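Visitor: Could you take me on a close look at one strand, and tell me what surrounds it? I am new to this structure, so please spell out any terms.

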Amino acid sequence: MTTQTAAGPLAPFRVLDLTNELGQFAGRMLGDLGAEVIKVEPPGGDESRFIGPFRGDVVDPEQSLHWWTFNNNKLGATLDLTTLRGQELFSQLLEQADFLVETCPPDAAAALGLGAENIRSEHPSLVHTSITPFGREGPYANWKATDLVGTAMGGLSSLCGAPGRPPIRPTASQGYTQASAQAVVGTMIAHFQRTKTGRGQHVDQSMQEAVTFTHDNAMPTWDIRGINNGRPGNGRQIGGYKSGQYVYEAADGYVAALSYGGLFGLTARQTVEWLDHHGMAGDLTSDEWMAKLDATQGVLIPPAGEDGDYLNDTLVAFCKQFTRSQLVAEAQQIRNGWGIVHTPGDLLENEHLADRDYWVDVQHQEAHLSYPGPWAKLSKTPLSVRHRAPHIGEHNFYVYGNLLGFSDDEIMALSDDGVI
Amino acid sequence: MTTDKVFQGIRVADFAWVGVGPLVSKYLADHGAEVIRIESSVRPEPLRRAPPFVNDEPGLDNSGYYADFNSSKKCVSLNLQHPDGVKIAKRIVEHCDIVTESFTPKAMRAWGMTYEDLCEIRPDLIMISMPMYGLTGPWSMWQGYGHVLQAAAGISHLTAYPDEEPIGTGVAYTDFLVPHFATSAVIAALDHRQRTGEGQNIDFGQMEAAIHATETMILDYTVNGREQQALGAGHPDHDIYGTWQCAARGDDDDRWIAITVTSNDELASLAEVAEQPGWTSLESESLKQQIADWTRTQQAEDLMQRLQSAGVPAGVVQTPEDLRSDPQLAHRGHFWMLDHPTMGHRAYDGPSFRLSETPAELTKAAPLLGEDNESVYKNIVGMSDEEYIEHLVSGAFD
């Protein structure tokens, strides 16, 4: 673990985070960039504290790994926004903040004082980011969406899974992740504009539209060729052309081969030589096959049919004979960009990530726990993982005392009244 | 419409290729930065050679794949292997605020164009290098694509049918994930430079960003010692959470709807829409089969409308064709129609967020290879007519 002394690029700035699971990674990213992020929860704790898994599988709002993952680098304060007094306090907090990130449903925003126009008129220098399933306005604005509904409506699920079988989603929620990460881009663009003008603005992020941005080449393929890319199963596709197999079983797990199936494209000859070196190239060293492989090199369109099957069968037999590490190391030697299909255990034991000091020890009450480290290495203003997620109301005295100037007695009274 | 765009006056030398780098500079270009792509016909940007091609005719200026990621940009051709190539590249950088690149680290080192080298020309430079595995470490020279990186980052492990091989998403997923992290880092660095005058280097290892998209997978392992597993379309905490096949639309039998039920209220609403008062328990074993039998008789779009009206989170598994006619995306103006000299009138993706004061504007279609040679080399780099022709003839601009 390295100790960082320099502050992150957003260190001078403060964020109020009023997000649920759809958007809480956005606040996390701003915290990673160095901002002081204050997570505002209802008294008693945020709903996402009850999302599993939990430490030791014990359901406890202070032991949710979901909460820990998405709220480290944040401070925590409680506030009941459904009360008038709560809304007054929130407005005072906004005066002290540079960013507001929230996931309020569009039809409830105005009632909570979170309408875009309202915020802009009362807090003109604030960058106000709304993350919602479909966007703040439009025919679907008030529809509900979980992560799967987001990945379906945005088009990603139509590209995930196997033909003839149900469309799937990554079991780690990518609709939420994409909505949050793209919201941060919009937030940063608005922030940069503010450095020039002093004026904030509203950033309206849609989960559906964020997922749409992950279609790869599927939209131009429809636009130009009139083909829906569809679900490739254990294969790939590019521009509506199906490839051969993509994930191969090695002796000790799986490897992911170059995007078009491993033998096609730019490194076909080197790949055949590689297989031949191990005595497993089959007919591929023949002049006839070499001519076919050379013919694929100008354009990245994979061969199909019997030829494609033969290539795949040859590779399937080859890969089973070697470990993942050996396959990928040798593939990389001939500029085939293969990779290991990592499990979580593989990642934690990975020598490359260790060499780059990736994992960070985060102190919890009872233990130090390994977290993923910064997602970029900035030379002058480093990102950092500074502390664990907050307990319920852990920073109420800092937020209401230091920031808003209330006395300890006044804070206790607010607590007794159920406002915080 | 504001005339002062967010990144007006910011110039970017974009040496990056394929997905990640071009999508970073696309965000900047679509918000007003002057992005100059530096490419070569000697070793073309791979996406220029990737389908779909208009009329199925391969050509460096005919790929829809390339086009979509390169709106609002300029492009010069420059052969960095040519004896004058690197010298000319450095003259471009001298006039730029940001350099982006996504090669394995040896490329920029071989050309003498690392951050340290380029700082001598431009002390306040912001540079981002985006190799798969970062600038240092035993795997730093490994290459790859987003299809493979999703596997390396652990995302494919969580993207599969239960107990089957880890197929991953069908797309080069991390190409459409890590650019959001990289862009945020670049803008943060730009903001820091605006406030302090100080530039910096960004070592962006794509895998390190992508691991952050595995939700609780890492902590479940480090805290509970558990390797999370893929659940198809499913969710670890909710039984009714999946995709169900619907009635055919015309001769298209591949129509599906996502339905997710996470509370008893939502189950009651589902039961009401299905006219099945017996659907009262989320744990009923046969419920999934009954839902499947029911959705098979329903049109996906119609069913989505009825379920959403009743408060059940549901959505059609939309294909690219569906997305182009989606009323919500249309309301938000997601797709921009732009005219390209050889590809014609084509749809491009705009950013997924709406900025109230300074919205994105896709100002032009993707550039032809070398389209802006003359204006960039003469007006920005400052070449005379004579020098420009000399380099043209010598092959430096190939």
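Guide: Let's begin where two chains meet: Gln205(A) has Phe353(B), in strand β12 of chain B, as its bridge partner. This is a predicted model, in which local features need pLDDT of at least 70 and side-chain atom pairs count only at pLDDT 80 or more, while totals for chains, interfaces and linings use all residues. Residues are numbered from 1 along each chain as its sequence is written, chains are lettered from A and ligands numbered from 1 in the order written, and side-chain values use heavy atoms, without hydrogens and water.

Gln205(A) belongs to β6(A), which covers residues 202–206 of chain A. Helices (H or I, at least four residues) and strands (E, at least two) are DSSP runs, numbered from the N terminus. Between β6(A) and β12(B), residues 353–355, there are 3 bridges, and the two strands run antiparallel. Two strands pair if DSSP finds at least two bridges between them.

β6(A) has a partner in its own chain too: 5 bridges tie it to β5(A), and these two run parallel. Here Asp204(A) of β6(A) stands opposite Ser130(A).

Why is β6(A) described as largely enclosed by the rest of the structure? Because 5 of its 5 residues are buried, meaning under 20% relative accessible area with a 1.4 Å probe, protein chains only. In a regular strand the side chains alternate between the two faces of the sheet. In β6(A), His202(A), Asp204(A) and Ser206(A) are buried on one side, and Val203(A) and Gln205(A) are buried on the other.

Strand β5 (127–132) of chain A gives two or more residues to the lining of the largest pocket, as do β2 (36–41) and α4 (106–109) of chain A. A pocket is an open set of points on a 1 Å grid over the protein atoms alone, where a 1.4 Å probe fits, with protein on both sides within 12 Å along at least five of seven lines; lining residues have an atom within 4 Å of a point. Of the 45 residues that line the largest pocket, Asn20(A), Glu21(A), Glu47(A), Thr103(A) and Pro105(A) lie nearest its centre.

To finish in chain B, look at helix α1, residues 20–30: 11 of its 11 residues are buried, including Val20(B), Tyr27(B) and Asp30(B). After α1(B) comes Gly32(B), with a positive phi near 105 degrees.

Definitions and conventions. Buried < 20%, exposed > 50% of the residue type's maximum accessible area, 1.4 Å probe, protein only.
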